[in-house]
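This report covers aromatic ring pairs and overall dimensions. The structure is shown below.

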Amino acid sequence: MLPKDPMILLSVVNTKLRDEFPSLSELCAALDADEAALRETLAQLNYQYDAQRNQFVLYKEDTMETALPHFKYHPDPLKTEMFKKQEKPSLCPCCGKETLITYEGPFYSIKTIRGLCPDCIASGAAAEKYDGAFQDGTFVDEVSDPAKLEELVSRTPGYCGWQQEYWRAHCDDYCAFVGYVGYKDLVSMGILEEIQEDKGLDSWVLENLTALDSGSVQGYLFRCLHCGRHLLWVDCD
């Protein structure tokens, strides 16, 4: 049975399409799922099925030019501003193809590489070509499957922290990066109590969550792909 939560559903379906099924119709037949209902549910998140990629991809402004591959550990990199849409296309340094969307986040490599296209990140081509990583693999919570770490550091857009970026995990998998938050955001989203129960945060942070609105402390919000629980990482200027 497929999960009902749209974000968790998106992650599960795209993973199965990548690893188990050559098409959406075959996935739905095998799992006895209603394809039309599945498409409609994910369309609410602005995700549409791309048969060529065999993935649900993110569309903005209903234009083909802004179609993005799905990054399960960073599902909306346009919202977090790690991807930037340009008025005029530029050439991706990795594949040499024109792109209207370029990567603006961290990439750790010997060479300074700018302007990567989303596809070269999603495929792992950029990480392989430049022997680079989008997240330091030593600054992450621990999970048991090394393939998940490889996907995180080699095929997932990073995020920009004030200090060294850190990636949270839950249910033995890395979480999806949601975005940058302050204390008032946690309250308005109704997840403050969840965060206060986060055993991965030190006591000072838990006792001073209101400092997230001070301008000197920044919160980074993550969401578990399996149970939906929210986790936080915090650093200072």
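The model is predicted. Ring pairs join F71, F83, Y103, F107, Y130 and F134 into a cluster. The count of aromatic pairs comes to 17.

| Pair | Geometry | Centre to centre | Angle between planes |
|---|---|---|---|
| Y159 and F177 | stacked | 4.5 Å | 15° |
| F177 and Y180 | edge-to-face | 5.5 Å | 80° |

The pair of Y159 and F177 links distant parts of the chain, 18 residues apart. Y159 lies in the loop between α6 (146-155) and β5 (169-170), while F177 belongs to strand β7 (residues 176-181). Y159 has a relative accessibility of 1% and therefore counts as buried. F177 is buried too, with a relative accessible area of 1%. Y180, the partner of F177 in the edge-to-face pair, counts as partly exposed because its relative accessibility is 32%, and buried means under 20%.

On the scale of the whole protein, there are 9 helices and 9 strands. The radius of gyration is 18 Å, close to the 18 Å that the globule rule gives for 237 residues, so the protein is as compact as a globular protein of that length. Its C-alpha atoms fill a box of roughly 50 × 45 × 35 Å along the principal axes.

Of the 237 residues, 48% count as buried. The accessible surface comes to about 12,300 Å², and 49% of this belongs to carbon and sulfur atoms. Among contacts between residues at least 6 apart in sequence, 56% join residues at least 24 apart. The protein carries 22 positive and 39 negative side chains, and the centres of the two sets lie 4 Å apart.

Key:
Residues are numbered from 1 along each chain as its sequence is written. This is a predicted model: local features need pLDDT of at least 70, side-chain atom pairs count only at pLDDT 80 or more; totals for chains, interfaces and linings use all residues. Side-chain values use heavy atoms; hydrogens and water are left out. Rings of Phe, Tyr and Trp (its six-membered ring) pair if their centres lie within 6.5 Å; planes under 30 degrees apart count as stacked, over 60 as edge-to-face and the rest as tilted. Helices (H or I, at least four residues) and strands (E, at least two) are DSSP runs, numbered from the N terminus. Buried means under 20% relative accessible area, exposed over 50%, partly exposed in between (1.4 Å probe, protein chains only). The radius of gyration is taken over C-alpha atoms; the globule rule is 2.2 Å times the number of residues to the power 0.38. Contact means heavy atoms within 4.5 Å. Accessible areas come from the Shrake-Rupley method with a 1.4 Å probe; for residues, only the protein chains shown count as cover. Lys and Arg count as positive and Asp and Glu as negative; His and the chain ends are not counted. The place of a charge is taken as NZ of Lys, CZ of Arg, CG of Asp or CD of Glu.
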